[in-house]
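Dear colleague,

I am handing over the structure that we spoke about, and my notes on it follow directly below. Please read them alongside the coordinates.

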Amino acid sequence: MRGGLVASARLLPRPLVRWFLQRRAQQDINENMSGGKKVKIIFVLGGPGSGKGTQCSNIVEHFGFIHLSAGELLRAEINSGSENGTMIDTIIKEGKIVPSEITIKLLQEAIIKGGNDKYIIDGFPRNEENRVVFESVINISPEFVLFFDCSEEEMERRLLGRNQGRSDDNIETIRKRLKVFVESSLPVIEYYESKGMVKKIDATKPAPEVFEDVKAIFTHMA
Ligand SMILES: Nc1ncnc2c1ncn2[C@@H]1O[C@H](COP(=O)(O)OP(=O)(O)O)[C@@H](O)[C@H]1O
Ligand SMILES: Nc1ccn([C@@H]2O[C@H](COP(=O)(O)OP(=O)(O)O)[C@@H](O)[C@H]2O)c(=O)n1
Ligand SMILES: [Mg+2]
């Protein structure tokens with residue numbers, strides 16, 4: 001059914017397709033919300049190994065958000081044996097960024113399934129395309145952007161010691177990911193900074209100290 005819609009959408013003008021997708025995404029998200037509350041989103045950004053996943057677990061535990069990691073959703077998609085799996089796997093091993101429509105569809109489905117009104121979205125948007133397509137399809141502005149600022153040496157050291165069996169935690173891919181972060185992800189953070197939406201945290205400190213700073217931000221928000 002959805003495949004048929006996508007096929008016929010190719011014949012329509014792009015702005016019309018965008019408008020249609022946006023309306024459907026919003027309807028889907030709103031219809032699945034408990035109590036009809038407006039969905040709040042916080043983007044959690046930072047280089048690979050800066051501690052996004054670690055701090056998101058703390059935020060879930062203390063502040064009742066649902067944590068969506070774009071990278072984890074993509075890895076689950078590979079493991080589900082989906083038709084895009086091989087392509088996603090290759091891109092991740094190269095440290096590159098997966099086309100936005102794939103990642104955004106996974107995020108949209110997870111938001112709908114989550115049925116909550118508060119989400120922390122970790123590792124997204126990772127480039128301008130991610131940001132622009134999310135804005136146009138999902139059309140929810142983040143409350144703010146949490147940015148974990150960490151030195152490259154420290155990120156590299158942490159990733160080499162992560163030991164989660166990830167295909168991209170090897171020195172060759174790590175170097176590529178760090179380069180992609182500087183070239184493609186930092187400009188997104190700068191964009192949000194220019195709008196006064198970034199809350200920057202010194203992420204080189206030990207994890208409990210980083211969480212103290214995170215806590216201060218979320219406590220003020222509540
Ligand atoms: N503040 C910290 N100091 C030292 N090690 C950390 C810190 N935060 C996370 N780690 C460790 O570094 C690795 C990467 O952390 P993770 O949360 O997965 O980062 P990211 O999601 O940003 O890649 C993990 O092994 C984690 O246990
Ligand atoms: N928005 C995103 C997020 C992740 N990814 C891919 O998934 C990989 C792992 O992302 P991740 O967020 O789990 O990695 P960490 O920063 O947590 O180490 C990235 O290097 C990209 O290849 C993507 O393509 N687009
Ligand atoms: Mg992570």
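Helix H3 makes the largest contribution to the shell around ligand 1, giving three residues, where a residue counts as near a molecule if its C-beta atom, placed from the backbone, lies within 6 Å of it, and where helices (H or I, at least four residues) and strands (E, at least two) are DSSP runs numbered from the N terminus. Please bear in mind that this is a predicted model, in which local features need pLDDT of at least 70 and side-chain atom pairs count only at pLDDT 80 or more, while totals for chains, interfaces and linings use all residues. Residues are numbered from 1 along each chain as its sequence is written, and chains are lettered from A and ligands numbered from 1 in the order in which they are written.

The shell around ligand 1 holds 14 residues, of which Gly51, Lys52, Gly53, Thr54 and Arg158 come nearest. Besides H3, helix H10 (207–221) also supplies at least two residues of this shell. By class, the shell around ligand 1 has four nonpolar, seven polar and three charged residues; here Ala, Val, Leu, Ile, Met, Phe, Trp, Tyr, Cys and Pro count as nonpolar, Asp, Glu, Lys and Arg as charged, and the others, Gly among them, as polar.

Around ligand 2 there are 22 residues, and those that come nearest are Pro48, Ala70, Gly71, Val98 and Gly123. Two or more residues of that shell come from each of helix H3 (52–63), helix H4 (70–79) and helix H5 (85–93), with H4 giving the largest share, four residues. The shell around ligand 2 divides into eight nonpolar, eight polar and six charged residues.

As for the chain itself, it has 10 helices and five strands, and 29% of its 222 residues are buried (20 or more other C-beta atoms within 10 Å of a residue's own, against 12 or fewer for exposed and partly exposed in between, with C-beta atoms placed from the backbone).

Asparagine 170, by contrast, sits in the loop between helix H8 (152–160) and helix H9 (171–194), and it is exposed because 12 other C-beta atoms lie within 10 Å.

With best regards
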